[in-house]
Amino acid sequence: MKQMHETVSNTGAAGSVTVAESSTALNVEEHASASSNRARTGFPKQNGQSLSYWLQQVRSDPLLDHRTTEDLPNDADTVIIGSGITGTLAAEEHLKIWPEKTVVVLEAREFCSGATGRNAGHCKPDQWRGFGKFEKAYGKEQAIRILNNEADTWKALVSYVREHNVDCDLWVGDTLDVPVDDEVARLAKEVFERYKEAGGKVDHIKVTTDPADAVRISRIKDAKACYAWRASTLQPWKLTAHVMRDNLEKGVNLQTYTVATSVTKAIEGHRRWVVHTERGDIACDNVIHATNAYSAALEPDLKGIITPKPHICTKVVPPRAVSGSQAIQNSYGVLLPDGALFSINPRSSADGSVMFGGSNPGQQALDDWVEKHPINCINDGLTDVKGVNQCVQDFIDNNFQGWSQTTYGPGEGIQYSWSGIIGLSVDGVPFVGELPGKRGQWICAGHHGHGMARTFTAAPGLVNLMSGKSWDTVGLPDVYQITEDRLQKLKGASVSKVAII
């Protein structure tokens, strides 16, 4: 597959919020998310996909190509499509509620080789920055509930890792949101104050508005302010693998390298649905769609509602001058002009490599290239994209204190970048619940590049809905619920009007 090599100097500002008399955008982690080709979709790429840093670490793990049974079962109570964090957590919750029922998990490629196994390794709950966007779209109450849910999700993830002693390089510490532009800093302050006045929880957020203090705390030369709260970094594949191994011991049947091609109504037998694959068919009563970006490929009603798009993560090995006692000790969201963002994850509890994700300005050039070559909307075979890597290098050279004053030795600096496919939700929040008009088909998808801060509550919540619990009891924001009314409204809306707010 042809790779994209292009630099860019201008950036877009999709999925952001602006204030009156200002053209500056405050990123809410969906920079450049709008796509004019909303109908594009596809199945997971079968050959030539890149290996993320996380997947590179586990090449000898037999879970990668695990098949619990040699042949595909022809019958199950529930079929879960997708073995990332969503599908794996859904299987776990299913076992808790119905230990006697049969569950088959289908994975199109290696275990956990989609978005979960390709992200930047951050579980960072948004604790204020997205308030302006969500308030405008859904009102104050729902905006606060969305941010509270992200805090609950982070706590659930950390509690699980600690309770089960999961070996996944968990780090817990202060994440720093750092605006590096005066206008962005002004907007950040305004959104924070609006959130506080609305009753949002801010006591746990340490705010520094003096630029000199912000530089000292963040070690970022152009810092104008700093907002700090607790978050985590981790090895996401290892966490998901731990949960799945426990599921397997309790009876889940995992089938890797098994592409689900369609779901149709059962016309004979006692089951509701038939999941068709290249290896055979499985009749079942319930289907859980946990494929995120690929959801519309299996469910045509979601075309234009959930859209795939490649994003890039870059691994950097710090030079010796900023290693050891001088290593970076925080994770970051660096807020750039025009809505761009660096999400930075230094693996402080592991090897010290630094992961640069998010939506840096080079991502816009990649988005434009994909728009012109839409077949690449599901291309997670992109590596070392020049424009994205150049933006990472420029930021390191110009902003991280201590990095530009040293000479890089062999094995230091940018090592590798890879692509992952995010599932853009047309209204910026996920879809959770039973597919309208399709009893027994369920979905938890469309996480908009922010799934690690949502799935540890959303996936179990979905299975509790399956058990008959009401929406009000599962603890998720109302706007996450998939309904016929929501789908119909979104099908008639333009991405630009919904996402750029």
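Modeller: A crossing of two helices is left-handed if the near helix is turned anticlockwise from the far one by less than a right angle, and right-handed if it is turned clockwise. Helices here are DSSP runs of H or I with at least four residues, strands are runs of E with at least two, and both are numbered from the N terminus.

Colleague: And the model itself?

Modeller: This is a predicted model, where local features need pLDDT of at least 70, side-chain atom pairs count only at pLDDT 80 or more, and totals for chains, interfaces and linings use all residues. Residues are numbered from 1 along each chain as its sequence is written, and side-chain values use heavy atoms, leaving out hydrogens and water.

Colleague: Start with H2 and H11. At what angle do they pack?

Modeller: About 45 degrees, with the axes 8 Å apart. Axes are lines fitted to C-alpha atoms, for helices over the stretch in contact, and angles run from 0 to 180 degrees between N-to-C directions. So H2 is oblique to H11. Angles under 35 degrees count as roughly parallel, over 145 as roughly antiparallel, 65 to 115 as roughly perpendicular, and the rest as oblique.

Colleague: Is the crossing of H2 and H11 left-handed or right-handed?

Modeller: Right-handed.

Colleague: Which residues meet there?

Modeller: From H2 (residues 85-97), they include Ile85, Leu89, Glu93 and Ile97. From H11 (residues 455-466), they include Phe456, Ala459, Val463 and Met466. Contact means heavy atoms within 4.5 Å. The residues of this contact split into nine nonpolar, four polar and one charged. Ala, Val, Leu, Ile, Met, Phe, Trp, Tyr, Cys and Pro count as nonpolar, Asp, Glu, Lys and Arg as charged, and the others, Gly among them, as polar.

Colleague: Now H2 and H7. How far apart are their axes?

Modeller: 9 Å, at an angle of about 30 degrees. H2 and H7 are therefore roughly parallel to each other. H2 passes H7 in a left-handed crossing. Thr88, Leu89 and Glu92 are among the H2 residues that meet H7. On the H7 side, Leu239, Val243 and Asn247 are among the partners.

Colleague: Why would residues on a helix point the same way?

Modeller: An α-helix has 3.6 residues a turn, so residues three or four places apart point the same way.

Colleague: What is buried in H7?

Modeller: Pro236, Trp237, Leu239, Thr240, Ala241, Val243, Met244 and Asn247. Buried means under 20% relative accessible area, exposed over 50%, and partly exposed in between (1.4 Å probe, protein chains only). Those buried residues pack against H1, H2, S4, H4, S9 and H11.

Colleague: What span should H7 have?

Modeller: Its 14 residues should span 20 Å at 1.5 Å a residue, and its end C-alpha atoms are 21 Å apart, which agrees. The expected span is 1.5 Å times one less than the number of residues. H4 agrees as well: 24 residues should span 34 Å, and its end C-alpha atoms are 34 Å apart.

Colleague: What follows H4?

Modeller: Asn165, with a positive phi near 50 degrees. Asn165 sits in the loop between H4 and strand S6. At 65% relative accessibility, Asn165 counts as exposed.

Colleague: And Asn292, buried or exposed?

Modeller: Buried, at 14% relative accessibility. Asn292 also has a positive phi of about 50 degrees, although it is not a glycine. Its loop joins strand S13 and helix H8.

Colleague: Switching to H10. What do its buried residues pack against?

Modeller: Strands S14, S15, S16, S17 and S18, plus helix H9. Among the buried residues of H10 are Val388, Cys391, Val392, Phe395 and Ile396.

Colleague: Where is Thr407?

Modeller: In the loop between H10 and S18. Thr407 is exposed, with a relative accessible area of 71%. Thr407 and Pro319 are 88 residues apart in sequence and 7.7 Å apart in space, C-alpha to C-alpha.

Colleague: Last one. What is His204 in contact with?

Modeller: Gln127, Ala228 and Trp229, leaving aside neighbours within four places in sequence. His204 and Gln127 are 77 residues apart in sequence and 9.4 Å apart in space, C-alpha to C-alpha. His204 lies in the loop between H5 and S7. At 36% relative accessibility, His204 counts as partly exposed.
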